[in-house]
Amino acid sequence: MRNGRGQRAVGYWLLAVCYWLMPLLAQAQDSLATKLTYDLTTEANIGSGDYTAYQLVSNRHHVVGTRSNTAYLRGALKLEHTFKNGLSLSSVVDAIGSVHADHKVYLQQCYIDLSSKSFTLEIGSREETPVLRHAELSSGAFAKGINAKPIPQIQIRTNGFRPIPKTKGWLEYNFGFGYGMFLDGGYREKQFEEAMDVNNKYATGILYHQKHLYFRSNPEKLFFAMVGIEHAVQFCGSSYTKQGGGLIEKRKPVVLKSFWNVILPLGDSNYFSNEAMEDWVYGNHLGSMTIQLGWNINKEHLLQAYVDDIFEDGSGIRKGNGWDGLWGIQYTNKAKGHQLVRGAVIEYFQSTNQSGPLHWDGGDYPEPYRHQIKDYITGNDNYYNHGFYVSYTQYGMSMGTPLISSPRYNKDGYNEFRDNRIKAWHLGVEGEINERLSYLIKGSYRDGWGTYWLPLPTKHHSFDALLMGRYQVGAWNFSAAYAFDKGNIYGDNSTFNIKIGYHGKIL
């Protein structure tokens, strides 16, 4: 398969880093402590319908397969080492073997971290924790979500929010910056070949860039505020399009300048070279700009309201996409001991505007046509779909919010998002019954109208809900859940879930 060797080489290189670099650094003379732990987990989903119910799959790094009646066994080994100078080193190897799932046996995580008090340098593939949104209660982030398998990358980030010097504790920041590579080129090619009657193109060898920067006033005050942005980009790689009975390849070569060009969504000076008609901006850019307000009702109760103003290309950044975005309220109970309601989230997500249905820009065409086009309409942002990179996915799963149904759910094998114009409501609640027993409840309702290019003949809808109970005793944790889908987006699915985990220590 095209680019398959290069992608496998990257994976092998990351694995070698995890296995070989860690022991070498851990032998340093200024060592202080070493800890070696492991986690064993097994999970089974049994039910009716074409898919495992949505709430059991979404925002879980694609650990659970979308197919119905799946199971897996997972084992992770974590080595942590602390040095006397305050630095710490950690490495994780995490593998999953699945039955009747989207993948059989694979490395879910493999990374190495070098951390100081303020910053962490990371190499490898890691399940990220959201900076802002609640990992279990929220419907998910638009750009840097946790719905797909993690992408191997090299990144630097702060360890949480850090105080800004000279502000006397009144202002904090949170920063992350990295580059990575999509390793699903083989999957994209196979998906295209198995459904050539509905697919027109695919892309491989895609690189990834992500970053975020948030500023927050003192969260211990009665009122506080936060603003910031997160930004993700697909760039470089090759695109293959059906034409005249064959495939036409258009390539964006990997050069050092490429990594600089994607930091900001600036123009591509080589836009027309080699007929690589991608976009007038280098790469596929998307993200969200956030405003969040917090109210410490008292020492135990926190209420926050937020809006993630989403964008995909310049028209969205200029807020040409109306009310599109994620709007939410989050309650947090910080009291000690078991609390019947530990946290709750209610959210509204909209992606119907997309800067309007039309796009007509002379910059999208070469001369002699460009100067003849006088009209200028920038719209039809077509969230998560792209003319060069096809879709913002990893192994067919949305890299952003799962509310916009992933291509993996397209039964005919279509490799783009079919239904990205939606309105959705989401609710999540969690709490503890006693010191060992806790619960999680989630539910989402959405309406979908397809895309501007291919509107649906009738509105689609789905109601998806989850009720989960968790029990922890010592190193063991158990959970049982029931989830269901009702509607014509995923169909009618009903799934019972059982999960058992054990956390052990070797050193």
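In the predicted model, C236 is buried, with a relative accessible area of 0%. C110 is likewise buried, at a relative accessible area of 5%, and the structure as a whole holds zero disulfides.

Strand β12, which spans residues 237-243, belongs to an open sheet of three strands arranged in the order β9-β12-β13, with antiparallel pairing. The edges of this sheet are formed by β9 (201-204) and β13 (246-252), each of which pairs on one side only. Neighbouring strands are turned against each other by 20 degrees on average, direction ignored. Between β12 and β13, which run antiparallel, there are seven bridges, and S238 has R251 of β13 as its bridge partner. Helix α3, made up of residues 185-194, packs on the sheet and touches β9, β12 and β13, its direction making about 165 degrees with that of β9.

Aromatic contacts were examined next. A pair of aromatic rings is described by the distance of the centres and the angle of the planes. The structure holds 26 aromatic pairs. One of these is formed by F175 and F177, whose rings lie 6.4 Å apart, centre to centre, with 20 degrees between the planes; the pair counts as stacked because planes under 30 degrees apart are classed in this way. F175 has a relative accessibility of 26% and therefore counts as partly exposed, and F177, with a relative accessible area of 22%, is also partly exposed, since the buried class requires a value under 20%.

A tilted arrangement is found for Y384 and Y392, with 5.8 Å from centre to centre and an angle of 40 degrees between the planes. Both Y384 and Y392 are buried, whereas F175 and F177 are partly exposed. The two tyrosines are also members of one aromatic cluster, which is formed by F142, Y383, Y384, Y392 and F417.

Aromatic rings are also involved in contacts with arginine side chains. The charged end of R216 is placed over the ring of F161, at 3.9 Å from the ring centre, and R421 lies over the face of Y452, with a distance of 4.1 Å to the centre of that ring.

Key: Residues numbered from 1 in each chain as written. Predicted model: local features only at pLDDT ≥ 70, side-chain atom pairs only at ≥ 80, totals over all residues. Heavy atoms only, no water. Pairing = 2+ DSSP bridges. Helix = DSSP H or I, 4+ residues; strand = E, 2+ residues; numbered from the N terminus. Axes fitted to C-alpha atoms, helices over the stretch in contact; angles between N-to-C directions. Contact = heavy atoms within 4.5 Å. Phe/Tyr/Trp six-rings, centres within 6.5 Å; stacked < 30°, edge-to-face > 60°. Buried < 20%, exposed > 50% of the residue type's maximum accessible area, 1.4 Å probe, protein only. Lys NZ or Arg CZ within 6 Å of the ring centre and 35° of its normal. Disulfide = S-S within 2.5 Å.
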